Amino acid sequence: MSDVRRVTTGAPWEESFGYSRAVQLPNGLVLVAGCTSIVDGQIAGGGPYEQTVNAFNVAFGALEELGLGRDDVVRTRMYITHARDVDEVGRAHKELFDSVRPAASMIIVSGFVDPSLVVEVELEAFRPGGEHGVPA
């Protein structure tokens, strides 16, 4: 898989757990790892809405490194720690993706590495024939 491109952001867990923030496959598919609202080692934004927006902005930053943007997103996953946050997380998702309409899932989980986090997001994007992709 020598044509696979990887993006790292310097987040501490990337190095200690051995993963990349994003991986672009030769066919144009980009997978973005779970992103939270941690920016510069601190949780940015307190509530579920703010954490969701910040987490997606981290993911968008990884996409930008590969020359892709929000309009290239085809799937999102939102992991939340409590059902009471569904509406706020959903509101943030709608504001960010209403014109894009990716396939989406929202899953309730028991928690994250930092108990102050209430949401983690993943996304997949696709752009065939890009700089490193070839038409499928």
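# A ring cluster and its surroundings

Phe-56, Phe-60 and Phe-97 are linked into a cluster by ring pairs. This is a predicted model, in which local features need pLDDT of at least 70, side-chain atom pairs count only at pLDDT 80 or more, and totals for chains, interfaces and linings use all residues. Residues are numbered from 1 along each chain as its sequence is written, and side-chain values use heavy atoms, with hydrogens and water left out.

Visitor: How many aromatic pairs does a search of the whole structure find?

Guide: The search finds 3 aromatic pairs. Rings of Phe, Tyr and Trp (its six-membered ring) pair if their centres lie within 6.5 Å; planes under 30 degrees apart count as stacked, over 60 as edge-to-face and the rest as tilted.

Visitor: Why is Phe-56 called buried?

Guide: Buried means under 20% relative accessible area, exposed over 50%, and partly exposed in between (1.4 Å probe, protein chains only). Phe-56 has a relative accessibility of 0%, and therefore counts as buried. Phe-60, at 7%, counts as buried too.

Visitor: Why is the pair of Phe-56 and Phe-97 called edge-to-face?

Guide: The ring centres of Phe-56 and Phe-97 are 5.1 Å apart and the planes stand at 75 degrees, so the pair is edge-to-face. This pair links distant parts of the chain, with Phe-56 in helix 2 and Phe-97 in helix 3 (residues 86-97), 41 residues apart. Phe-97 has a relative accessible area of 1% and is therefore buried.

Visitor: How do you know that the buried residues of helix 3 line one face?

Guide: The buried residues in helix 3 are Val-89, Ala-92, His-93, Leu-96 and Phe-97. Seen down the helix axis, they fall within an arc of 110 degrees, so they line one face of helix 3. The arc is that of the directions from the helix axis to the C-beta atoms. These buried residues pack against helix 2, strand 6 (73-80), strand 7 (103-108) and strand 8; contact means heavy atoms within 4.5 Å.

Visitor: What makes Arg-91 a charge over the ring of Tyr-49?

Guide: A charge sits over a ring if NZ of Lys or CZ of Arg is within 6 Å of the ring centre and within 35 degrees of the ring normal. The charged end of Arg-91 is 3.9 Å from the centre of the Tyr-49 ring and sits over that ring.

Visitor: How do you know that Thr-36 counts as buried?

Guide: Thr-36 has a relative accessibility of 14%, so Thr-36 counts as buried. Thr-36 is placed in the loop between strand 3 and strand 4 (38-39). Not counting residues up to four places away in sequence, Thr-36 touches Asn-54, Ala-55, Val-58, Leu-117, Val-119 and Glu-120.

How values were computed:
Helix = DSSP H or I, 4+ residues; strand = E, 2+ residues; numbered from the N terminus.
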